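Here is a friendly walk through one protein model. Have the sequence and the 3D view open as you read.

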Amino acid sequence: MRFSTSCRAISAAALVFTGITSAQAQDFDNEFDRQWGLRMIGVDAALAAGLNGKGVLVGVTDTGLDTLIGVHPEFIGRLNGLSFDGSTGGPLYLDSDSHGTHVAGIIAANQDGSGMMGVASGSTIVPLLVLGGSGPIEGVDAGLGAIRYGLANGVRIFNASWGTTGRYDQFYDEDTGIWLDPFDRAAGIADGAREIAMSREVVDAGGIMVFATGNIDASVPLAVEAALPYYAPELERGWLAVTAVGPTGVQASYAQSCSVGMMWCLAAPGGDIGKVDRPAGTGDGGILSTFPTNGTQDPYSYYTPDGRYVSYHGTSMAAPHVSGALAIAKQLYPNATYQQLRTLVLNTATDIGTAGIDEIYGWGLLNVRNMVGTADAAAGTIYAQRAWGQAASLDQIMDSV
């Protein structure tokens with residue numbers, strides 16, 4: 001089950017644009033600021049260093065992408081023809097829901113001076129449809145087929161802004177209204193085993209799964225898929241779970257906590273309900289991103305006048321910030337493995353909440369500025385020392401878990 005979408009919710013000196021007017025330069029500034037999460041995680045530092053994830057493939061396992069009635073302007077140049085509909089086994093043509101298009105925009109929307117821009121505005125999106133417009137995952141086969149297609153075509157970063165509704169140790173059976181152990185029911189055992197087997201394929205191929213933690217409540221532990229390494233520890237090296245913060249940098253009211261997944265978890269901007277932040281006119285404290293040109297406007301969400309952008313909040317919006325950061329990291333360190341880059345993303349996060357790795361924010365808030373700073377020899381030494389210190393305390397932490 002996809003997490004509920006009802007809760008989904010540059011400084012001018014940092015960039016140099018040649019051959020443009022001051023009015024055009026202002027457009028680039030406004031474009032950057034319309035997505036407040038970019039400044040919060042330091043994407044301006046990556047842009048100043050010439051890093052935008054150029055050429056890195058990011059698989060968006062979701063509800064599809066707006067491509068049927070003309071490609072959304074923010075995705076021109078961000079697609080390479082690869083796409084897959086897990087339900088039909090063929091190419092993907094549209095997004096009937098809007099969720100996938102919104103998630104894809106957070107990752108890779110163009111830096112073009114209009115609308116908004118993504119974390120990795122030079123990366124390449126590979127749409128992989130695994131969710132239906134009504135919300136439920138289209139069966140395990142759909143997800144497995146789409147992800148395997150991505151692996152076969154070179155995708156190693158998979159954004160997964162979806163999951164089984166509930167918490168890591170419970171599953172909500174909609175037919176009976178009862179919470180059950182996720183792997184202690186007939187269908188769950190079969191589907192859970194197949195899902196873990198597919199996950200091993202991704203991890204064994206050197207890939208990374210980036211899962212949202214869930215949208216039930218900030219006091220609730222992360223959901224099942226984000227917690228899979230709890231059941232299958234061999235997955236941890238290729239796993240990231242992402243909880244959400246609002247504009248103030250505090251965990252969002254709906255965002256499930258890292259809890260037992262804190263060793264592979266961190267926080268990123270996902271917006272929060274009613275927490276309005278700068279700049280004016282960007283909605284209700286959510287994350288502004290792309291909306292299908294062929295979609296129906298949702299009256300509960302904020303829209304720009306042309307209807308091509310919408311503000312949502314949710315851990316679904318936080319996860320793609322991390323997927324975009326991985327694309328930037330791959331451009332920064334092209335010879336590193338994706339799983340090494342996962343370690344870089346965790347180790348460069350800003351420690352927030354309780355000191356050290358904690359059950360709410362995990363490693364802390366995603367920090368692209370710190371990540372880019374590791375290219376400096378002195379800064380890199382600092383983060384290496386931090387990693388060593390964290391590793392030394394793992395036994396104690398895991399005993400606590």
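## A covered helix: H9

In H9, the buried residues are Tyr338, Gln339, Leu341, Arg342, Leu344, Val345, Leu346 and Asn347. "Buried" here means under 20% relative accessible area, while exposed means over 50% and partly exposed is in between, using a 1.4 Å probe and protein chains only. Helix H9 covers residues 338-347, and eight of its 10 residues are buried, so the rest of the structure largely encloses it. Helices (H or I, at least four residues) and strands (E, at least two) are DSSP runs, numbered from the N terminus.

A word on where this comes from: this is a predicted model, in which local features need pLDDT of at least 70 and side-chain atom pairs count only at pLDDT 80 or more, while totals for chains, interfaces and linings use all residues. Residues are numbered from 1 along each chain as its sequence is written, and side-chain values use heavy atoms, with hydrogens and water left out.

Let's zoom in on one residue of H9. Leu344 lies in this helix, and at 15% relative accessibility it counts as buried. What does Leu344 touch, not counting residues up to four places away in sequence? The list is Ala329, Tyr333, Met371 and Thr374, where contact means heavy atoms within 4.5 Å. Leu344 and Thr374 are 30 residues apart along the chain, and their C-alpha atoms are separated by 8.9 Å.

## H9 meets H8

H8 and H9 pack at an angle of about 115°, and their axes are 10 Å apart. The axes are lines fitted to C-alpha atoms, for helices over the stretch in contact, and the angles run from 0 to 180 degrees between N-to-C directions. The crossing of these two helices is right-handed. For such a label, picture the near helix turned from the far one by less than a right angle: anticlockwise is left-handed, clockwise is right-handed.

On the H8 side, the contact is made by Val322, Leu326, Ala329 and Lys330, and on the H9 side by Tyr338, Leu341, Arg342, Leu344 and Val345. Sorted by class, the residues of this contact are seven nonpolar, no polar and two charged. The sorting counts Ala, Val, Leu, Ile, Met, Phe, Trp, Tyr, Cys and Pro as nonpolar, Asp, Glu, Lys and Arg as charged, and the others, Gly among them, as polar.

## H8 meets H4

Helix H8 (residues 315-332) also packs with helix H4 (residues 99-108), at an angle of about 40° and with the axes 8 Å apart. That makes H4 oblique to H8; angles under 35 degrees count as roughly parallel, over 145 as roughly antiparallel, 65 to 115 as roughly perpendicular and the rest as oblique. H4 passes H8 in a right-handed crossing. From H4, the contact uses His99, His102, Val103, Ile106 and Ile107, and from H8 it uses Ser316, Met317, Pro320, His321, Ser323 and Gly324. This contact of H4 with H8 has five nonpolar, six polar and no charged residues.

How many of the residues of H4 are buried? The count is 10 of its 10 residues. What covers them includes strand S1 (57-62), strand S3 (124-129), strand S4 (157-160), strand S11 (287-290), strand S13 (309-312) and H8.

## Two serines with a positive phi

Most residues other than glycine have a negative phi, and most peptide bonds are trans. Ser98, which is not a glycine, has a positive phi of about 105°. Ser98 sits in the loop between strand S2 (84-85) and H4, and it is buried, with a relative accessible area of 1%.

Ser259 has a positive phi too, near 45°. Its place is the loop between strand S9 (239-245) and strand S10 (265-269). Is Ser259 buried or exposed? At 11% relative accessibility, Ser259 counts as buried.

## One disulfide

The structure holds one disulfide, a term that stands here for a pair of cysteine sulfur atoms within 2.5 Å. The partners are Cys258 and Cys265, with their sulfur atoms 2.0 Å apart. The torsion about their S-S bond is about -65°, so the disulfide is left-handed. Both Cys258 and Cys265 are buried.

## Two stops on H6

Met198 is found in helix H6 and is buried, with a relative accessible area of 6%. Leaving aside neighbours within four places in sequence, Met198 is in contact with Leu144 and Ile147.
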